[in-house]
Amino acid sequence: MDIVGRAGVQAWSATALGVVAAVAVVAVGGLAWGPLLVAPVLAAAGVLVSLRQRRREALLLQSMADYVAAQEHFGQELAPVWCRHIETSREQMEGAVSALSRQFAGIAAKLDEAVHTASMETSIVDDHETGLAAVFDRSQRELDAVIASQQAAGQSLVAMLHQVQGLDRFIQELHEMAADVAKIAQQTNLLSLNAAIEAARGGELGRGFAVVAQEFRMLSLQSGDTGRRIAAKVDLISKAITDTCKVVGDSVSQEDQSMEVARASIGKVLHDFKGITDALQRASQLLKDESVGIKREVNDALVQLQFQDRVSQIMTQVITSIGRIPPLMQEQAEIYAQSGLLRPLDTESLLTELKKTYVMSDQHKVHQGEVVAKSEETEITFF
Amino acid sequence: MAKTVMIVDDSASMREVVGIALRSAGYAVLEGKDGKDALSKLTGQKVHLIISDVNMPNMDGIEFLKAVKQMGSYKFTPIIMLTTESAEAKKREGQAAGARAWVVKPFKPDQLLGAVQKLCLP
């Protein structure tokens, strides 16, 4: 017997008990004043208790009807509001993440372009054949070769100068030879004079010899003259050689100074150029490292953006589950109205329905109240 | 000439995310909002690979997969299912329908690209 039935029986039981007690008192006590006074009191008390119980029963029934109506109202009004809020939030989140993804796609495309351009630039710097470092090394080698060539030319000039300066001793020899010629001419002249004297002593017989002596003297005079001219020419040549050596020496000295200046200038230019190429190489390496870092961060962000899809699915499933409550509440109210019976909500069937919608293993763990570990690797199955 | 990959997913953000990963690797991308929408966009052009979600409105991924396998021009196009579904039974359903790989979301771009490069038609 349900609570309503039991309350009704209890209400009528009190009236019946009062009447029975009144009859029993009259039966036992007879029609005396005492029993006749007590019997109506007992009957009235039974009726009063009965009325009180019926009032309580009516209150109980009203509260139950109110409760069922409130539950139905809850299902019809509150649950849809929850669903609308969740769905609106889901749609707003979906829209916001989609917009974010589009913006991110734009940024990622620009980053790709920047990284591509940067890698092209760094390849210009780093290329083994045409890169800046390679150009620097080649330039240094070529300039070193130019300097070495200039140095070799200078050394050749110095060697030639030394050779020309070595001609001095031949000049000295030529001087000595001219002096020898002069000396021979002088002795020959002396000899021709003696011959002329001896020819004069010979008289007529010495006349022919005098002619020879005269010719001999002429030759000695010409030889002396030739010796002097040779000495004069040798002096001229010696002076020309000395002048040439001085000019060449001055030139070599200037060449050496110019070479030093050129070497210092080239060294400074190469040093400055090296500073620029080193800075460019450092910038290039930094750019490469940053590119790798940016790519990694973009990939991480792409993983995080995907969680919106999971969240959206879960929210949709929760909305569906909440949406099941209003018809169940209405059904409960209808059953109560028809039979006066209260049927409890079947929570297990609701949970079972909810579990059937799960598509992720994580959801089953969350359902059981377990902690979900974040997976680091993508689950891929090839067929 | 860039290879073309079709992405089928009802989530716009997922299509964007997959698109970023593919475009950065040099692929051209074709998008479908669900199976039905994607079928309407398969109009004879060369598609080297399809990546499809499973749970979608109008036409879900498994139905779409079966429909593509019935199309003469695309029956040999490899299809990767990209989904939050990780149940073994669902995977077997996809395999039976002709899927070549099953990737569970969220994916790491490098790993998805590895699968795409492995399966993409020449």
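In this predicted model, strand 1 of chain A (residues 379-382) is joined by four bridges to strand 5 of chain B, and the two strands run antiparallel. Within this pairing, A:Phe382 has B:Ala101 of strand 5 of chain B as its bridge partner. On the side of chain B, strand 5 is also joined by four bridges to strand 4 (residues 79-83) of chain B, here in the parallel sense, and B:Val103 of strand 5 is the bridge partner of B:Leu82.

These pairings belong to an open sheet of six strands in the order 1(A)-5(B)-4(B)-3(B)-1(B)-2(B), in which the pairing is mixed. The edges of the sheet are formed by strand 1 of chain A and strand 2 of chain B, each of which pairs on one side only. On average, and with direction ignored, neighbouring strands of the sheet are turned by 20° against each other. Towards the edge formed by strand 2 of chain B, strand 1 (residues 4-8) and strand 2 (residues 28-32) of chain B pair in the parallel sense over five bridges, with B:Thr4 standing opposite B:Ala28 of strand 2.

Helix 5 of chain B lies across strands contributed by both chains, namely strand 1 of chain A and strands 1, 3 (49-52), 4 and 5 of chain B, and runs at about 170° to strand 5 of chain B. The loop between strand 5 and helix 5 of chain B contains B:Pro106, and the peptide bond that leads from B:Lys105 to B:Pro106 is cis, with omega near -5°. A further backbone feature concerns B:Asn58, which is found in the loop between strand 3 and helix 3 of chain B and has a phi near 65°, a positive value in a residue other than glycine.

The contact between the two chains takes 32 residues from chain B and 30 residues from chain A. On the side of chain B that touches chain A, the elements that give two or more residues are helix 1 (12-24), helix 4, strand 5 (101-104) and helix 5 (109-119) of chain B. Of these, helix 1 of chain B gives the most, with 10 residues. In composition, this side of chain B divides into 15 nonpolar, nine polar and eight charged residues.

Helix packing was examined within each chain. In chain B, helix 3 (residues 61-69) and helix 4 (residues 88-97) pack at an angle of about 15°, with their axes 9 Å apart, which means that helix 3 of chain B is roughly parallel to helix 4 of chain B. The crossing of helix 3 and helix 4 of chain B is left-handed. From helix 3 of chain B, B:Ile62, B:Leu65 and B:Lys66 make the contact, while B:Glu93, B:Gly94 and B:Ala97 make it from helix 4 of chain B. The residues of this contact divide into three nonpolar, one polar and two charged.

In chain A, the axes of helix 3 (residues 132-165) and helix 5 (residues 207-305) come within 10 Å and cross at roughly 170°; helix 3 of chain A is therefore roughly antiparallel to helix 5 of chain A. The residues that form the contact of helix 3 with helix 5 of chain A divide into 18 nonpolar, nine polar and four charged.

Terms used. Residues numbered from 1 in each chain as written. Chains lettered and ligands numbered in written order. Predicted model: local features only at pLDDT ≥ 70, side-chain atom pairs only at ≥ 80, totals over all residues. Axes fitted to C-alpha atoms, helices over the stretch in contact; angles between N-to-C directions. Parallel < 35°, antiparallel > 145°, perpendicular 65-115°, else oblique. Left-handed = near helix turned anticlockwise from the far one by under 90°. Contact = placed C-beta atoms within 7 Å. Nonpolar A, V, L, I, M, F, W, Y, C, P; charged D, E, K, R; others polar. Pairing = 2+ DSSP bridges.
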